[in-house]
Amino acid sequence: MVNFNNDFLVKEIKRRLSIINLIEGYTSIKKTGKGYVGLCPFHDDHNPSMYVDEEKGLFHCFSCGAGGDMLGFYMRYNGLTFPEAVSDLAKRANITIEKSSTPVKGHSRINNLFKLNAAVSRFYHRALLESPNGGPAREYLEKRKIPPGVIEEFKLGYAPDGWDALVKFLKKNNIPASLAENLGLIVKKQSGDGYYDRFRNRIVFPICSVEGKVIGFGGRRIKESDEPKYINSPESEIYHKRKNFYGLDSSKDHIRKNKRAIIVEGYTDFLALFSAGVKNAVATLGTSLTRDHVVTLRRYTDRIVVVFDGDESGVKAAVRSLDIFLEEGLLPGVVILPEGNDPDSFLAERGAEAFYKLIDEAPTLLDFYIDNTVNEYRNGAVTLNSGVKEIADVLVKVNEPVLRSSYIKKTAEKLGLGENEVMSLVRLGKGHGKMGGVKTVKSHSNHEKLMLNILLTYPDLSGVVAAEDWEECVSNRDVKSILEEIIVKGVHDMSSLLLSFQGSGAQGLISEALMSSPGIPDRDTAGKMIMSCMKKLKQAKLDERLKSLRLGISDAVKNKDAELEKRLLTEYTDLRKQK
Ligand SMILES: [Zn+2]
């Protein structure tokens, strides 16, 4: 019997299973010299470019950059979360996971929080179906055309009016109030003893993790005079609104099958779609989209369409989300509903067919952004100068060169400018290091990769690196976060390091570094090499900035922008001196 301790469990799985056997189940691989090679299942591979190293327990595709350990392969191939993959592979390795034993710190407490949420969810659900005072709640859902099947599937509930319905329920079932307070289900009274319910006279939406465990609740008012319209559980040990979606536990299979995910803004939008048969959607939880959201969703598909309400705040939210997608190397479609519509009202008026049509014909978020900025310029809301600069700042983040130049061309045409004018602004933006977050295999310099390689081979050199300002040298965000684990957090064990990056593209960087041989003869040489890497990276950063400043200055001269010319020139002279 084994306790459910990730680090230990993963090592045990890796000890018992062979990465070769596992991968062979999905794609055929052949022995070559030291390792195995085969067609990569993660891109359209015609020349075998995926290598598997049995001894290191790693795979890596030198074409698309996918890589990692056997768990990484299994998660990615099957679109699973880490716990799902661990549980599958543990079964395969014949390891019995003993969940109820105590030693793992904090584990039983977390379990109790989940149990509490499950019980509270049942309490609210029963209140919706049975409570005599739940009439208005049931009528509301009926009016919103949410059928009983959907109410059942999502365990929608009713939080009774009054102040102590849940408090009483907890007491009756001997559930400690402190636990419920921790999850924000009840609130301590300001004067006197005791607690009162947070959710009162509201429709309750249990929010679930991808695995289907209740992690929090959302509540919508029933009486229009109650404020605010929506309340949510506060952040807790188990509920993080920036990481979780509403509905993903139910929709993930539909997303996989459809090969497309639709993101909407709230649980009522989600339920309206689901009730109308549009089941490949998720909703954010009262927060704008985050990078964590995108990382979560891309486990299931790269094709994403975001849907926003047809009002000003919808347009603003769409614009804001662009950066996050570009940072993850994705270009989603966007639908802004006709003015005054949200998904619910749109579906009620026009039906699911019309909605799917909008989704199918959705422009990319970048096209939308450019058009929106061009319109602002035409309306006089922004000047030509600031409009084109805004667009250039975004185009800098598009890492695919062909795509970038096609958007540069489009922008130039729409604004009546020459392509070169837009291009030079994009180049100027590049020097500011804004490319940092963009993730593709080719975008990080070889020196950054070599640094990673050396530290993975000789983690004890991290002391030497820590003494320098290494962070300034590294611009790739993934490389930086791996180096942080090694240098700052002191994670020197490869299996634990991979564990920190489950489900992330960073695993591919680790496998690439470990499976390419840079020819480091010994530790001493490695030490010298890493210092020279950092020096070269600092130099390169400086050179790149100087180059973009030169271009910027010549543009400023051409456009007779004396103020800009002076500013750039001062920076240029300062940097030259530094060099
Ligand atoms: Zn590949």
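Me: What makes the radius of gyration of the protein agree with that of a compact globule?
Reply: The rule for a globule is 2.2 Å times the number of residues to the power 0.38, with the radius taken over C-alpha atoms. For 579 residues the rule gives a value near 25 Å, and the protein has 27 Å, so the two agree. Along the principal axes, the C-alpha atoms fill a box of roughly 75 × 65 × 55 Å.

Me: What do these values rest on?
Reply: They rest on a predicted model, in which local features need pLDDT of at least 70 and side-chain atom pairs count only at pLDDT 80 or more, while totals for chains, interfaces and linings use all residues. Numbering starts from 1 along each chain as its sequence is written, and side-chain values use heavy atoms, with hydrogens and water left out.

Me: What makes the arrangement around the zinc ion tetrahedral?
Reply: Donors are N, O and S atoms within 2.8 Å of the metal (3.2 Å for Na, K and Ca), and the site may look incomplete because water is not among the atoms. Cys 40 (SG), His 43 (ND1), Cys 61 (SG) and Cys 64 (SG) coordinate the zinc ion at 2.1 to 2.3 Å. Four donors count as tetrahedral if all angles lie between 85 and 135 degrees. The 4 donor atoms here subtend angles of 104 to 118 degrees, so the arrangement is tetrahedral.

Me: Where in the sequence are the donor residues of the zinc ion?
Reply: Their spacing is C-x2-H-x17-C-x2-C. Cys 40 is in the loop between β3 (35–38) and β4 (50–53), and Cys 64 is in the loop between β5 (58–61) and β6 (67–68), so to speak 24 residues apart.

Me: Is Cys 40 called buried or exposed, and why?
Reply: Buried means under 20% relative accessible area, exposed over 50% and partly exposed in between (1.4 Å probe, protein chains only). Cys 40 has 4% relative accessibility and therefore counts as buried. Cys 64, at 26%, counts as partly exposed. Over the protein, buried residues make up 49% of the 579 residues.

Me: Which residues does Phe 355 touch?
Reply: Contact means heavy atoms within 4.5 Å. Not counting residues up to four places away in sequence, Phe 355 touches Ile 262, Leu 273, Val 278, Val 307, Leu 337, Phe 346 and Leu 347.

Me: What does helix α3 (residues 70–78) pack against?
Reply: Helices (H or I, at least four residues) and strands (E, at least two) are DSSP runs, numbered from the N terminus. The buried residues of α3 are Met 70, Leu 71, Gly 72, Phe 73, Tyr 74 and Met 75. They pack against α1 (6–16), α2 (19–24), β4, β5, α4 (82–92) and α24 (506–515). Just after α3, Gly 79 takes a positive phi of about 60 degrees.

Me: Why is Lys 145 called exposed?
Reply: Its relative accessibility is 64%, so Lys 145 counts as exposed. Lys 145 is in the loop between α6 and α7 (148–153), and has a positive phi of about 60 degrees although it is not a glycine. Most residues other than glycine have a negative phi, and most peptide bonds are trans. Lys 560, not a glycine either, has a positive phi of about 55 degrees, and at 77% relative accessibility it counts as exposed.

Me: Which residues does a cis peptide bond join?
Reply: Glu 227 and Pro 228 are joined by a cis peptide bond, with omega about -10 degrees. Pro 228 is in the loop between β12 (214–221) and β13 (230–232).

Conventions: Four donors count as tetrahedral if all angles lie between 85 and 135 degrees; four count as square planar and six as octahedral if opposite donors are over 155 degrees apart and all others between 65 and 115; anything else is irregular.
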